[in-house]
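Q: Hi! Could you walk me through this model? I'd like to start with the sheets.

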Amino acid sequence: MEPTDRPDPVLTDVSSADPLLDAARPVLARAAETLNGTPTALLLVDHQSRMVARVSADATLERRLADAGAVSGAAFHEGAMGTTALGTTAEVRGDVVINGAEHYLEQFRSLSCFGQPIIHPSTRRVAGILCMTQVSAHLNPLSVPLVRGVVNDIAERLLSRSHSDHRLVIAAFEQAAERRDTAVAAIGDDLQLSNALAAQLLAPADFGTLRLLVEQDDRPPAITLVSGVVVDVHADRVPTVAHAAVFRLRPRLEDLPPAELIHTPPPAAQTATTVAICGEPGTGRSTRAFQVVPRDAATVVDVPGALLDGTPLDLAATLRLARGRGQGVVIDGADLLDDHALRLLQTAIGARTPAEPPIVIVTGPADSLSPSASALIARCRRRTTMPPLRQRTTELAALGQQLLHSREPKFELGTDAADALVSQEWPGNLAELAMVLGEAADNAQSRGSRTVDVADLPDGYRSSSRASRLLGLEQAERLAIVEALETAGGNKSNAAKSLGISRTTLYARIRALGIRS
């Protein structure tokens with residue numbers, strides 16, 4: 001995006017902002033009377049920086065704002081509109097003044113703005129951003145007290161509504177918890193409840209997973225808890241209350257211990273003569289390989305390492321050496337080999353007998369391989385696909401807790417931290433998660449705590465308001481676009497063609513769904 005660009009507004013449904021609007025409407029109406037006769041407007045966006053209200057008594061300013069994209073449902077995060085007192089305020093979570101020339105896009109440089117976040121008094125989360133906009137090169141400092149007063153009034157009305165919502169959530173929970181043989185939990189905006197059975201099952205971080213499910217229409221039938229227990233989940237939304245649901249949880253008899261979340265290989269793979277393990281880097285594919293062939297009983301070919309070091313690879317000699325030692329072979333990063341080496345491996349795999357130790361081929365995702373690499377893994381008797389972390393959101397809190405326990409058994413993952421973790425995209429998969437939690441654990445330890453809170457997470461990992469808050473249909477759409485982009489190697493034209501949509505529509509959905517591209 002260049003300063004001279006005039007991006008078309010990316011419009012999304014903002015019906016989920018109704019609680020904010022209900023609280024803000026009468027306050028904004030009173031403020032509009034105060035602003036009457038001045039070239040000033042009040043703009044309101046929700047916690048995702050989507051425009052939900054615009055108030056002004058100046059017709060010329062109204063037209064200018066509409067032409068600039070300040071319309072209902074328009075995205076105003078920094079990726080969509082650059083530096084503004086709406087998107088930038090959301091990023092810094094504090095007051096921001098943007099004078100005319102400080103705007104990134106030229107279309108806003110005749111305006112000066114003051115933005116202040118609306119912090120929900122109960123949840124302490126950003127409920128929205130209020131911005132006062134004036135036609136001026138510099139903001140009139142006398143505007144600031146007016147904005148602060150409006151923000152305070154909206155926050156008070158949010159608190160009043162929150163108390164009413166609490167009563168409804170508690171009533172729904174009590175009704176569901178009448179049966180004492182069922183584990184019952186409830187989630188509200190700043191409320192989490194559990195009966196005795198649920199309290200025995202749920203760790204604090206599990207509420208982050210439950211919160212992820214609140215808005216989803218296509219909820220999974222089961223989730224994995226921090227303890228490693230798999231539970232069937234039935235959820236009922238609380239009528240008229242946003243972001244609230246009551247959950248009934250039933251443990252499965254075949255639940256697994258926590259160590260198996262990352263490390264358990266499929267039973268068949270342990271006895272297969274030839275095994276292909278496919279997945280993105282960081283998904284645990286190498287770890288899985290050494291469960292098929294223990295590291296101390298394996299001859300290992302590290303293809304990426306050899307290429308980086310400039311070490312020549314002699315696969316034929318390596319395979320002969322392993323056979324002489326009676327060892328299995330792990331070829332890590334086999335998809336980086338040239339066609340000659342891949343054809344050699346195909347021959348070796350085809351000739352492998354059941355009496356010999358396994359050959360394990362580790363590659364990237366099956367749908368991204370070259371024809372020669374695809375032919376190689378097709379010759380393997382067993383194939384295991386390691387799913388990327390973005391497809392394991394209902395297990396993410398449990399995985400995070402396991403990684404923390406591997407560092408220090410007394411560490412616990414806090415609810416807000418788990419809520420933030422399930423909101424991330426994790427392109428680096430488990431390796432990235434381990435790095436983030438390692439830094440967070442250091443931060444928690446430095447302040448003398450064994451609970452990792454959201455503030456302990458590195459910058460950029462503390463948000464809990466993006467993709468995980470999308471509705472089920474949007475989640476499915478988002479996943480389809482991400483997978484199409486990956487298949488197309490990031491080429492948006494090819495991705496749009498495979499999805500059957502225009503390139504313009506694809507760009508709009510990428511911005512609306514918070515996809516990093």
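Q: What order do the strands have in the open sheet with antiparallel pairing?
A: The order is E2-E1-E5-E4-E3, five strands in an open sheet. Strands here are DSSP runs (E, at least two residues) and helices are runs of H or I with at least four residues, both numbered from the N terminus. Two strands pair if DSSP finds at least two bridges between them.

Q: Before we go on, what kind of model is this?
A: It is a predicted model, where local features need pLDDT of at least 70 and side-chain atom pairs count only at pLDDT 80 or more, while totals for chains, interfaces and linings use all residues. Residues are numbered from 1 along each chain as its sequence is written, and side-chain values use heavy atoms, with hydrogens and water left out.

Q: Thanks! Back to that sheet: which strands stand at the edges?
A: E2 and E3 do; each has a single partner strand, so one side of each has no neighbour in the sheet. From one strand to the next, the twist averages 15° (axes are lines fitted to C-alpha atoms, for helices over the stretch in contact, and angles run from 0 to 180 degrees between N-to-C directions).

Q: How many bridges are there between E1 and E5?
A: Seven, in the antiparallel sense. One example is threonine 40, whose bridge partner in E5 is glutamine 134.

Q: And which strands does helix H1 touch?
A: H1, residues 18-35, packs on the sheet and touches E1, E2, E4 and E5, where contact means heavy atoms within 4.5 Å. The direction of H1 makes about 170° with that of E1. H2 also packs there, touching E1, E2, E4 and E5, and its direction makes about 155° with that of E2.

Q: What about E1 and E2, how many residues lie between them?
A: Four, and the two strands form a hairpin. Serine 49 in the turn has a positive phi of about 65°. Five bridges join E1 (residues 40-46) to E2 (residues 51-56), running antiparallel, and leucine 42 stands opposite valine 55 in E2.

Q: Switching topic: how many aromatic pairs does the structure hold?
A: Two. Rings of Phe, Tyr and Trp (its six-membered ring) pair if their centres lie within 6.5 Å; planes under 30 degrees apart count as stacked, over 60 as edge-to-face and the rest as tilted. Phenylalanine 76 and phenylalanine 108 make a tilted pair, at 6.2 Å centre to centre with 45° between the planes.

Q: Where do those two phenylalanines lie?
A: Phenylalanine 76 is in the loop between H2 (59-67) and H3 (78-81), and phenylalanine 108 is in the loop between E3 (96-98) and E4, so the pair ties together parts 32 residues apart in sequence.

Q: Which residues come closest to its centre?
A: Of the 13 lining residues, Leu43, Phe76, Phe108, Cys113 and Thr133 are the closest. The elements giving two or more residues to the lining are E4 (111-119) and E5 (126-135).

Q: Last one: in what order do the strands of the parallel sheet come?
A: E12-E13-E14-E11-E15, five strands in an open sheet.

Methods: On a 1 Å grid over the protein atoms alone, a cavity is a set of points where a 1.4 Å probe fits but cannot get out, and a pocket is an open set with protein on both sides within 12 Å along at least five of seven lines; lining residues have an atom within 4 Å of a point.
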